[in-house]
Structure formats: C-alpha cells, structure tokens
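Me: I would like to go through some labels attached to this model and ask what each one rests on.

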Amino acid sequence: MSQPLLERRTLAEGVVEAMRDGIRDRTFVPDQTYSVQQVADLLGISRSPVREGLLKLEEAGLVRFSRNRGFHVVLPRSRDIAEIFGVRLALEPHAAARVATRGDDATIAAIESAMVALRSAASAGVEREFWRHDRELHRLLLVGGGNPRAAEIVASLRSTTALLGPPTSAGPRDLVQIAEEHAPIVEAVVRRHADAAEAAMREHLTTTGLLLVAQAEGLDADHPTVRAIWDDVAG
C-alpha cells in the first residue's frame with residue numbers, strides 16, 4: 001500500500017473523529033447545511049480526505065448529503081438508540097458469560113483493575129476519566145469473551161450515542177451509581193458465574209438504553225411511549 005494512500009486514510013479517520021467531536025460540542029448542528037470545503041478549511045486539509053471521512057459518517061447515518069447543497073448532521077433518534085442497544089444486547093451479555101467461563105487469569109485481573117479504576121474515577125467525580133474506564137471495561141469483557149470484532153462494533157455504536165448530548169449521568173443516576181451497575185457483572189465474572197454475568201450485563205444495558213431513549217424523547221424512562229419504543233426495537 002502506498003504511503004500517500006495510508007496518509008489519506010489516516011486523514012479521513014481524523015475527519016471522522018473531528019466531526020464526531022464537532023457534533024458532540026454542537027459546532028455542527030442538525031438544522032444547518034455545511035459544505036465539504038467548510039470542513040476542509042476548518043481542519044486545514046484538502047477536500048479529498050474530508051469527503052472520505054464524511055462518506056464514512058454517512059454510512060453510519062450521522063450525516064446526509066443533499067445534491068449540490070452540501071450535507072447536514074443527523075442525530076440518532078430514539079428508535080435508532082433502541083436499535084443500537086438491541087445490537088449491544090445481542091453481543092455483550094453473551095460475551096460476559098463467555099469471559100466468566102473462558103477468561104484466563106490475566107484477563108480477569110485486567111477486568112478487576114478496570115472496575116477499580118472506574119470506581120475511583122466515579123468517587124473523584126472525574127467524568128472524562130470515568131467514561132474512558134467505562135469503555136475500557138466493556139472492551140475487556142468483549143475481547144475477553146473472544147470477540148474483538150464485537151468490541152470494535154460496540155465502540156463505534158457508543159461513539160454514536162455519545163453525540164446525543166449529556167450522558168445518562170446528567171439524569172437520574174450519578175457516576176457512582178453507574179459504576180456500581182458494573183459491580184455485579186465483574187463479581188460474577190470473577191466468580192466464574194456465567195449466567196449471573198450475562199443477566200447483570202443485560203440489566204445494565206437495558207437500564208442505560210431506556211434512559212437514553214427517554215432522553216431523546218424528552219420523557220421519563222418509565223413512560224409507556226419509551227417502553228413501547230424499546231420493546232418494539234430492542235426488546
């Protein structure tokens with residue numbers, strides 16, 4: 001593979017990350033049309049890698065091109081969120097069960113360490129660090145369950161839901177409560193209890209998914225509309 005192609009691919013991936021950050025911090029908003037040239041000028045690069053990066057985001061459903069009019073941002077809707085969590089529910093509970101039965105000592109130790117780091121960040125109220133450790137714990141559980149490709153899929157899905165605005169810690173549960181939702185998963189994995197690990201992961205994802213669907217709808221998590229969307233797509 002030629003060096004220019006590698007560099008262009010790296011630039012395109014950088015565009016994806018920069019756009020995700022821009023959507024997250026509302027530099028790019030859904031009700032406005034943007035051009036490829038605007039993004040190229042903002043990032044100080046040529047149009048080619050910008051277009052490649054935007055096409056990747058279009059595939060993920062985060063931007064939509066209009067003929068001769070540029071593109072606009074498309075934020076995930078409540079049903080999109082439920083669908084994302086439906087995919088996660090198909091992957092992560094099973095992975096937690098697998099790592100409980102198949103994970104080696106080093107893997108289990110890494111999962112325990114990630115849980116310690118998660119609790120520490122929660123207690124300190126360091127949100128950025130907390131979410132980094134949260135993602136790492138979920139990644140370890142997926143990779144430890146023997147499915148690194150699933151870990152990549154989940155990481156991408158989480159990047160999409162992170163664009164919605166405040167995380168669920170801004171709502172009815174704080175960082176410490178979120179951290180403690182992971183405790184039964186890790187405890188079951190450490191004790192090699194596959195069924196308990198699977199059930200605990202399913203409960204954690206369901207709680208989080210319902211809260212995000214509710215947030216997107218502007219409703220409480222126990223509202224019948226939220227439950228109906230969830231049951232129709234992810235249930």
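This is a predicted model: local features need pLDDT of at least 70, side-chain atom pairs count only at pLDDT 80 or more; totals for chains, interfaces and linings use all residues.

Me: Why is His138 called buried?
Reply: Buried means under 20% relative accessible area, exposed over 50%, and partly exposed in between (1.4 Å probe, protein chains only). His138 has 1%, so the word buried applies.

Me: Why does His204 count as buried?
Reply: Its relative accessibility is 6%, therefore His204 falls under the buried label. His204 lies in helix H9 (residues 194–217), whereas His138 is in helix H6 (residues 127–144). Such helices are DSSP runs of H or I with at least four residues, strands are E runs of at least two, and both are numbered from the N terminus.

Me: What makes the pair His138 and His204 a polar contact?
Reply: A polar contact is a pair of N or O atoms within 3.5 Å; within protein, one must be able to donate a hydrogen and the other to accept it, and residues adjacent in sequence count only if both atoms are side-chain atoms. The side chains of His138 and His204 are joined at 3.5 Å. The side chain of His204 also has a polar contact with that of Glu181, at 2.7 Å.

Me: Why is Arg26 called partly exposed, and not buried or exposed?
Reply: Arg26 has 35% relative accessibility, so partly exposed is the class. Arg26 sits in the loop between H1 and strand S1 (33–34). Its phi is positive, about 70°, although Arg26 is not a glycine.

Me: How do you know that Arg192 is partly exposed?
Reply: The relative accessible area of Arg192 is 34%, which means partly exposed. Arg192 is in the loop between H8 and H9, and has a positive phi of about 65° although it is not a glycine.

Notes. Residues are numbered from 1 along each chain as its sequence is written. Side-chain values use heavy atoms; hydrogens and water are left out.
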